[in-house]
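Here is a short note on charged side-chain contacts, as requested. Please read it next to the sequence and the model.

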Number of protein chains: 2
Amino acid sequence: MLPISPSPTPGLISFAYGLPDPDLFPVASIMAATSSVLDRFSNRALQYGSFQGLTELILAVTERLKRVEDVSLLPEQCLVTTGSTQGNDLIMRALLKPGDTVLLETPTWPAIIGILKSHSANVVPIPIDSYGLNVTALESTILTLISKGILPKLLYTIPTFHNPTGITMSLPRRLALLDIARRYDFTVVEDDAYRDISFGGPVPQTLLALDKDDRVIRLGTFSKIVAPGLRLGWLLGKSDIVAKITTIRNDSGTSPFVSYIATVYMMSGKFDEHIAQVVEAYRSKALMMLQSISSNFPLSVSWTQPSGGFFVWVTLPAHQEMSSLLKMARERGVEFLPGQVCCPESVTDTSHVRLAFSMVNLNEIEEGIERLSEVLKETL
Amino acid sequence: MLPISPSPTPGLISFAYGLPDPDLFPVASIMAATSSVLDRFSNRALQYGSFQGLTELILAVTERLKRVEDVSLLPEQCLVTTGSTQGNDLIMRALLKPGDTVLLETPTWPAIIGILKSHSANVVPIPIDSYGLNVTALESTILTLISKGILPKLLYTIPTFHNPTGITMSLPRRLALLDIARRYDFTVVEDDAYRDISFGGPVPQTLLALDKDDRVIRLGTFSKIVAPGLRLGWLLGKSDIVAKITTIRNDSGTSPFVSYIATVYMMSGKFDEHIAQVVEAYRSKALMMLQSISSNFPLSVSWTQPSGGFFVWVTLPAHQEMSSLLKMARERGVEFLPGQVCCPESVTDTSHVRLAFSMVNLNEIEEGIERLSEVLKETL
C-alpha cells in the first residue's frame, strides 16, 4: 500500500494522496485559540481528561449539528476521538469478534481495509454505482450469506462525497440501505469525513439523521475542515454504543489540550467563515480538474462528477497494466492512486484510478491532467 | 474502579489520584513552543504525519537518553505514542493472542489491568517486596505454569518508583529478571513513567539498558514531566517490534502538532530546568508526607520510603474492611486508593492503601495525613 504521506519528488505532480491543502490550514486561528486556552484553561487543558471527551467540545459539535443540519443529539451520543481512523478502530473493537462478517462498500478508503483486517473481519465487498451503494447487490449478497448461515455484523459506507469515487448516495438508496439494515439487523457505520466540503448542490440527509432505529454510527473529523495534524474527530450514535466505546478505549481519552483548542476555535465565530473558504478553494480545484479532464482525456475514458470532497474516480477501458501505467505517468511527472489500493484483497480492479485534487494547486491540476492525458492517449 | 480524575469535593483532601500537579505545568514554555511551531512548521505540524512518529521528536528523545542515561538507541528503535496508555495497548495488541499468559507484577498500575483484560490475557500475578519484583516467586510461578503446559508471553513491570508502592527494583533483581526472561523466553514490558522523578539517590539502570537480548520494551511519557493533556509518550525496543507496532496502529499516527510542540520545548534548553523544578517539588511533597506519616500513624502501620515518583504504599494490619475505612476517611475529609484497585481480580488485598502526594500541596499533605491518622487510630 502507498504510504499516507507523499515524499515530495521535484517536479512530480501527485494526485495520489487525499491530503488537505496545507495552505488552507487556519494557522492564525489555531494560534489565537491556543493562546486563549493556555491563558484561561491551562490547568484543565494540560491535565488528564475524560474518556468520553471534553464536554465543551461535545457541546460545540452537537450545537453545530443542530444549527447546520437541524439534527438534535444528546451529549451522551457523542464521543471525541483522536481522529476518525481511531474512531473506526474503536467501533470495530467494540462491535466485532474475529471472523465476524463486515459488508464493505467497495471501492473504499484504503485505511479501513487494514483496520478490518487487524480485527480479523470476514470482509464481503458490496459494489457502488453512480447513485452510491448498490442496494440490490447488497440484499442479494446478504441472502447468499444467510444461506451459508452467516449474518453480517455491520456495513461500512462513506455515503457523502465518497472516497475514492466522489459519488454521493441518493436519498432513495439511503432509505433502502436503512430498511435492509433493519430487516437483517446489522449496524451501519457512516464515515462522514467530507460532508462539510460540499460544492453547493443539495446533499441528502445523513444516514444517522434518517435512521429511526438507532443502528447508525456516524464519524466526523476535523482533518478535512481544520487540520489533520491535530488528530481530532468525533463519533455519533446510540448512547449505549458511545458508553461501550468509552469503556474499551485504552488511551486515557483524547488530548484535552487539542480538544480545548478546537472548542475555542469553533466558538470564535471564525470557524464557519473558515469552512466556507475551504469549500470554495476545493470547489475551484474540482472544477479545474473536471474541465481539464474534459478537455484532454481520450474518449475511451469516463469519470465521476463529484459535488463535494477531494476525489475524481476515473474509469479506463478494462484490464490495464496498472503498475506500468503508473510508472509511465511518474516518468512524465504525474501520479495517481491505482483503484486496487481502494479494494479489499478479494476484489481485483484493473480499470480505475483515483485522482485527488485536494492538495495540488490550480496550475498543477491543469498541468498534471495534461501530462496524464498524454500517457493515457499513448497507452489506451 | 475509581475514575481517572477526581470530581473535586470542597474540603476533601484526596490522596487517591496519581495526577501530576497542574501548578507545575510549564504553561509559558508550551505557549512559546506552540508559537514557534506554528510560525516555522505549520504546514507539517498541522498535516498528517508518520505512523512511527515525528522524526525530530524521536531524535530529541534518543539524544536525551544518550545524554542523561548514556544509552544509545537507533531512531528505528523508538515509536512515538499518544501517551503510555496507548503504548501499552499497542504492545499488547502486537504481541498477545487471546488467552496468552501475562505475568503481572502485583500490585500494579490500575489501568494495565483493564488493558490486559481487553486483550483477553490470562493474567498471572507475581508479588513484589521491598527490593521490587520477587524473582523467586517469579521462577516458581513459571515452573508451575510450564508443568501445566503454559508458556508466559510477557511480563509487565514498573521497576522504577513503582506505582503504587514507590519501590525501585534493585540491580540484582533486574539482572535476575532478565536472566529468567532469557531462559523462559518471554518479553519484558518496562513501564518507566516515573524514572525522571528521582529524588536524588542512585537509580539502577533500566531493564532496557541492562538487556543483552533485545527482549525489553520500555515505555516513557511526557505526562509526569510535562503535562498529560498533551497525550504524548514514546516506546523503545527492538526495531522489528517498533516496526510491527507501527504497522498495526490504527490511528494514522500520533499528533504531529503536539509532537512538534514537545520537540521544540525539549530543544529550547528550558526542558531540563523544568524537570529539575518538578523533581524538587515532588521531593518536598514526598518528604512532607513521610514526615507526617512518621509523626502521626499508629505503630501497627508500616509504609514504603519512595526515592522517586508519586506514591507511598501503606500496609495496615491484615483484613481491614476497606470500604468502611474509606467511608470514614471521606467523612473526615481525606481519601486514599484501596490497594485492591491495584490488583487483578484473582488477588484479594484488604491491608494496603496507596497515598499519592503528587497533586496535593504541602499543607494539604500535613492536614490530610493528620486526618487519616485519626481514622486509623480509631479503627485499627
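**Salt bridges, point by point**

1. In this predicted model, D240(A) and K238(A) pair through their side chains in a salt bridge, with an N to O distance of 3.9 Å. That counts because the cut-off is 4 Å. D240(A) has a relative accessible area of 44%, so it is partly exposed. K238(A) is partly exposed too, at 33%.

2. A second pair in chain A is D179(A) with R182(A). Their salt bridge spans 2.7 Å, N to O. Both residues sit in helix α6 (residues 171-184) of chain A. They are three residues apart, so about one helical turn separates them. D179(A) is partly exposed, at 29% relative accessible area. R182(A) is also partly exposed, with 43% relative accessibility.

3. The side chains form a salt bridge at 3.2 Å, N to O.

4. D185(B) is exposed, because its 57% is over 50%.

5. Chain A also holds a network of salt bridges. It links E63(A), R64(A), R67(A), D196(A) and D272(A).

6. How many salt bridges does the structure hold over all chains? The total is 54.

Conventions
Residues are numbered from 1 along each chain as its sequence is written. Chains are lettered from A and ligands numbered from 1 in the order in which they are written. This is a predicted model: local features need pLDDT of at least 70, side-chain atom pairs count only at pLDDT 80 or more; totals for chains, interfaces and linings use all residues. Side-chain values use heavy atoms; hydrogens and water are left out. Helices (H or I, at least four residues) and strands (E, at least two) are DSSP runs, numbered from the N terminus. Buried means under 20% relative accessible area, exposed over 50%, partly exposed in between (1.4 Å probe, protein chains only).
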